[in-house]
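Here are a few notes to read alongside the model. Have a look at it first, then go through the points in order.

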Amino acid sequence: MRKGMFALAAAGLLATGSMAACGSDSGGDSGSSGGGSAAPGKVGIILPDTSSSQRWGTDDPKFLKAAFAAAGVEADIQNAQGDKSQFQTIADGMISSGVKVLVIVNLDSGTGKAVLDKAKAAGISTIDYDRLTLNGGADYYVSFDNVKVGELQGQGLVDCLTANKAVKPIVAELNGSPTDNNATLFKQGYDSVLKPKYDDQTFTKGPDQSVPDWDNAQAGTIFEQMLTQNKNIKGVLAANDGLGNAVIQVLKKNKLNGQVPVTGQDATVQGLQNILAGDQCMTVYKAIKQEADAAAALAIALAKGETPTTATGTIKDTESGKDVKSVLLTPKSITKETVKDVVADGFVTKEALCTGNFAKLCTDNGIS
Ligand code: BGC
């Protein structure tokens, strides 16, 4: 994996050289105004881990690499493997190697801010990718409408419980990492849908717990305890596919899978397979290609010394009270009927999804 990245970075460098030689400028592609004619600087990108979601090890690096390679801008993409000190070491290395732009997905706001501060002191432009670093002061933020993600999850669970004709079902909530601002936004979204249901007693509020670092193994342990204490849990709001899968494994052990709807997020292969199998109620598809392309467009403009024009929105940093210039994309709810849309969009291949027993389920659900 890592080897591949370096190979691509090297290819990016070559492309940079040849573009500079013929004086070409792809300013139109990068969504920017103004113009620097010097060769673009290098971009450093730090991803958080490879265990909390398929995306960080697979989807994001793939789409980011492609976007920078297409523009002939060198990108050094590294992954901190869930280790905060490693995250800082990578950042130090990128800063001293002279990157012009630093793009981070923080592991928590504290270490994120420390890195952003150092970068700014070195005159480097900064972008928060997917997760906002609270009080971090990044120049730009690229993500999805994360409150909307949560609303889709809440509504998905309501729809599945309604389809099950559940009477006053006990709903458990398994939230993402308390150190991830997105987890707060997701919860804000799904609680805005679920709370009125608890209040008018259509649903019964059950256990509600956060999963440190989105750790899937801990999620399993937490849910096992929830179920032991509360055998009648009838629906689970799990904040992403990894947490959802951990819940589904516990439900399977108790022969309850398929009877207790579970939500997710990220449209991972595993999540989509769980949906096809009838064990997962829904997931949220966030087109990572769009997110990677949006971040790359900003970073490329900045690397060329131009002023980006694509960040037309803002998000409020709840800690500093400041507005951060943002690109916020729209998430989409996926159920069994629409799994095929994720394949049609090219995010997941039929080959990866429709393996073994899933081949028939794929055919049954119009995935071709
Ligand atoms: C991302 C999700 C991801 C989660 C765990 C969140 O910040 O928005 O896509 O599932 O982190 O990595």
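1. Ile124 touches Ile95, Val99, Lys100, Val101, Leu102, Ala119 and Asp139, leaving aside residues up to four places away in sequence. Contact here means heavy atoms within 4.5 Å. Take Ile95 as an example: Ile124 and Ile95 are 29 residues apart in sequence, and their C-alphas are 7.9 Å apart in space.

2. Where does Ile124 lie? Ile124 is in the loop between helix 6 (109–121) and strand 5 (125–129). Helices (H or I, at least four residues) and strands (E, at least two) are DSSP runs, numbered from the N terminus. Ile124 counts as buried because its relative accessibility is 5%; buried means under 20% relative accessible area, with a 1.4 Å probe and protein chains only.

3. A word on the source: this is a predicted model, so local features need pLDDT of at least 70 and side-chain atom pairs count only at pLDDT 80 or more, while totals for chains, interfaces and linings use all residues. Residues are numbered from 1 along each chain as its sequence is written, and side-chain values use heavy atoms, with hydrogens and water left out.

4. Now for helix 12, residues 288–303: 13 of its 16 residues are buried, so the helix is mostly covered. Just after helix 12, Gly305 takes a positive phi of about 80°.

5. Stepping back, the protein has 15 helices and 14 strands. Of its 368 residues, 55% are buried. Among contacts with a separation of 6 or more, 73% are between residues 24 or more positions apart.

Methods: Buried means under 20% relative accessible area, exposed over 50%, partly exposed in between (1.4 Å probe, protein chains only).
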